[in-house]
Amino acid sequence: MKKTALVIAMLVLGFAGLRSQGEDIIHEAMQKEMSRTMTQLGEQKLPPYYIAYFLNESNTSTIRASFGKLYVNSVDRDRKLDIDLRVGNYKFDNTHIIRGNPFSFGSAVGKIDLPIENDEPALRNAVWFATDKIYKSAIEQYEKALTNQAVKVAEEDTSSDFSKENPVRYIKEWKKMIIGEQPIFSEISEIHVDTAAWAGVARRLSAKFLQYDWILEGNIYITFELNNKMIINSEGTDLKFSEQGVRLFISMASKADDGMTLPLFQSYFGFVQQELPSEEELSKKIDEMAALLKKLRVAPMAETFSGPAILSGEASGVFFHEIFGHRVEGHREKDPNSSQTFKQSIGKKILPDFINVIFDPTIGKIGRKSLAGFYVFDDEGVKGQRVVTVKNGIFSNFLMSRIPIENFPNSNGHGRKQVGYKAVSRQSNLIVEATKKESYADLKKQLVAEAKKQNKEYGLYFEKVSGGFTFTSRTIPNSFNVMPIIVYKIYVDGRPDELVRGVDLIGTPLTTFANVVAAADDMGIFNGVCGAESGGVPVSASSPSLLVSTIEVQKKKKSQAKPPILESPKYESISQ
C-alpha cells in the first residue's frame, strides 16, 4: 500500500517540470530505440525481458594549484550511456552468478559515448549499436549461467536474479553549468562557476606552502561537478534530474629523516560553492596543518599495540564504513565467495544496546555539514530510502539493490554505481547513533581507567584518518584496515598526550564490534568516495567518538628513501 501511494505521489511530482527541446530529443531517441528493441527482438528465440538506459551528462570544472601556480584549470562535458539488458526472466537471467567467478557482481561494462549535440539520428545510432552488442553478450552470458547451474551443486540462495519494482515517473529540468562571473540575478536551473576567481583562490592558498620548507608536496584541488541524469526502463520508469556538488581538497606531505612519507589531508564538500569555507578560513587551516606536519616529522614511531583506544567521530565513521557497511551490502549475501558475515544475524545482537546504525540517502545535512551520500533516486531508478540496519544493538536489515536475497525480495534504494559499471547494493549516508552519551572528557577518563585495568602504559586516540579498506571474501582472512594520519598516546600517569606516527588500525569485524564500550556526545562526519565492485560512489560516514576496549595497530609500510639531498630550488627563486 505504501509503495502504491509513493508511485502516485511521484507521478504528480513528475509533471511539475518540463523537458527542454534538447532534452526531449535525447529522451525520444532513447525511448524509440527501447521500444524498437523490445518489439523486434521480442521475436528472437531469447528476447530481452527488461532494458534500462542510464544516461549521465557530466559537467566538471577542475582546478589544481601547487606552490602558487596552476597545474590544471579545465572544464569538461561528456555524455555516457550505460545499458542494463536482461534475457530470461526475473527468476533466472543472464546476470545469474556463475559460481567459481569471484567478480560476477558489479563488473565494469564499459562507458558508451554519446554525442553531446542533440541530434536524434546520431543519438539513436549510438544507442542502437551499443544495445545490439550488449544483447548478444547477454545471450552468451545466459547460456554460460545455465551450464554453470547444471554442473554445480544446489545453490544456497534460491532468490530471484532481479526484483520487480513499481515504475516511477519524475521529471525535473536539467541544470546548466555556466562558466564565468556569477550575475546578481540567476536562474535556479543554472550553476555559475567563476573559474578565474577560484583559480585565483587556489593560487593564493597554494602559495602558502612556500612559507614552510618541510612541505615537499602541496596541492589545492577544487572540483565543481554537475551530473544531469536520465533513466528510462521497459517497466515504465522515466526519470530526469540533476545532481551537483563541489569539493575542495588540501593535501600536503613531508618526509621524516627515517624515510617515512607523512601525508596530511583536509577535505570540504558542499552542494553549492557557498558552502565552502572562506579563503581566510582555508588559509588558517593550511597554517594549522603545516604546523602539525612539522611536529609529525619529529614525532616518535608508534609500536605495535593491542589495547584501549578512542576513535574520533570521523575515525569511527570510517571504522564503521569498513567493518560494518560493506558487510551489509545485500548482494554479498548471495555470493558464495563472500564471507556473508551477517547472513544469519537477523534479530541477533551484534553491537552494544546503545548503538543504532542507519543508512539514509534522503538527508542532505547533519547540522550545517552537507552529506555526500545524499540522492533522491539510486542508479537503478529506485527512490532512496532510510534503512535502519541496527536498532538497540540488534541487526535487522541489509542495504538492497534490485538483486534480491533470501527474505529480502525488493530494493530499498541502494543500487549504486559509477558510470560504466553495473549497479549493486552500496552504502549512502552511514549514521551511527548513540542513545547513551557522555562528554569527551569522561570518555578520556574511561580510556585511562581501561588502560590501567589492562596494565597498559597508555591508550591511543585516533583523531584523523585518510580512509580504509576491507576484505569480505572467504578466500582470504576477513579483516579491515583503517589508515590513521593523526594518532596520540594518552598516558595513564598524566603525562601530556604524545603525537606518534606510523601505524594502521587493523582487526576483524565481529571481535572489534564486541569491544565498543562507550560513546561521546559529539558527531564527526567523513565525506568521501567509496570504491568497490561497481566503481566509486560518493558516501558519508557520521559517528560520535567511540571508546573501544581493545584494538590492534600494526606498523605502517615505510619508504626507505631519504629526504631530498638538495634544498628545493623554489627558495632560491624567492631569495632572488
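Modeller: Before we start, contact here means heavy atoms within 4.5 Å. And keep in mind that this is a predicted model.

Biologist: Okay. What share of the contacts with a separation of 6 or more comes from residues 24 or more positions apart?

Modeller: Those account for 77% of them.

Biologist: And how many helices and strands are there in the protein?

Modeller: Nine helices and 26 strands. Of the 576 residues, 53% are buried.

Biologist: Let's switch to the second largest pocket. How much space lies in there?

Modeller: About 1,300 Å³. It has 45 lining residues, and E225, N227, K229, E243 and Q244 are the closest to its centre.

Biologist: What's the lining like by class?

Modeller: You get 20 nonpolar, 10 polar and 15 charged residues.

Biologist: Which strand gives the most to that lining?

Modeller: Strand 8, with seven residues. Strands 1, 2, 7 and 25 also each supply at least two.

Biologist: Is strand 8 mostly covered or mostly open?

Modeller: Mostly covered, with 14 of its 18 residues buried.

Biologist: Which way do strand 7 and strand 8 run, parallel or antiparallel?

Modeller: Antiparallel, joined by 16 bridges. K229, for instance, has F241 in strand 8 as its bridge partner. The two strands make a hairpin with four residues between them, and G236 in the turn has a positive phi of about 115°.

Biologist: And what does strand 8 do with strand 9?

Modeller: They pair in the antiparallel sense over 10 bridges, and L248 is partnered with Y268 in strand 9. That hairpin has five residues between the strands, and G259 takes a positive phi near 100°.

Biologist: How does strand 4 run with strand 8?

Modeller: Strand 4, residues 169-171, runs parallel to strand 8, with three bridges joining them.

Biologist: New topic, V487. Where does it lie?

Modeller: V487 is in strand 20, which covers residues 480-491.

Biologist: Why does V487 count as buried?

Modeller: Because its relative accessibility is 4%, and buried means under 20%.

Biologist: Leaving aside neighbours within four places in sequence, which residues is V487 in contact with?

Modeller: L460, Y461, F462, E498, L499, V500 and V503. Also, the C-alpha atoms of V487 and R501 are 6.6 Å apart, though the two residues sit 14 residues apart along the chain.

How values were computed: Residues are numbered from 1 along each chain as its sequence is written. This is a predicted model: local features need pLDDT of at least 70, side-chain atom pairs count only at pLDDT 80 or more; totals for chains, interfaces and linings use all residues. Side-chain values use heavy atoms; hydrogens and water are left out. Buried means under 20% relative accessible area, exposed over 50%, partly exposed in between (1.4 Å probe, protein chains only). On a 1 Å grid over the protein atoms alone, a cavity is a set of points where a 1.4 Å probe fits but cannot get out, and a pocket is an open set with protein on both sides within 12 Å along at least five of seven lines; lining residues have an atom within 4 Å of a point. Grid points are joined across faces, edges and corners, and a volume is the space filled by probe spheres set on the points. Ala, Val, Leu, Ile, Met, Phe, Trp, Tyr, Cys and Pro count as nonpolar, Asp, Glu, Lys and Arg as charged, and the others, Gly among them, as polar. Two strands pair if DSSP finds at least two bridges between them.
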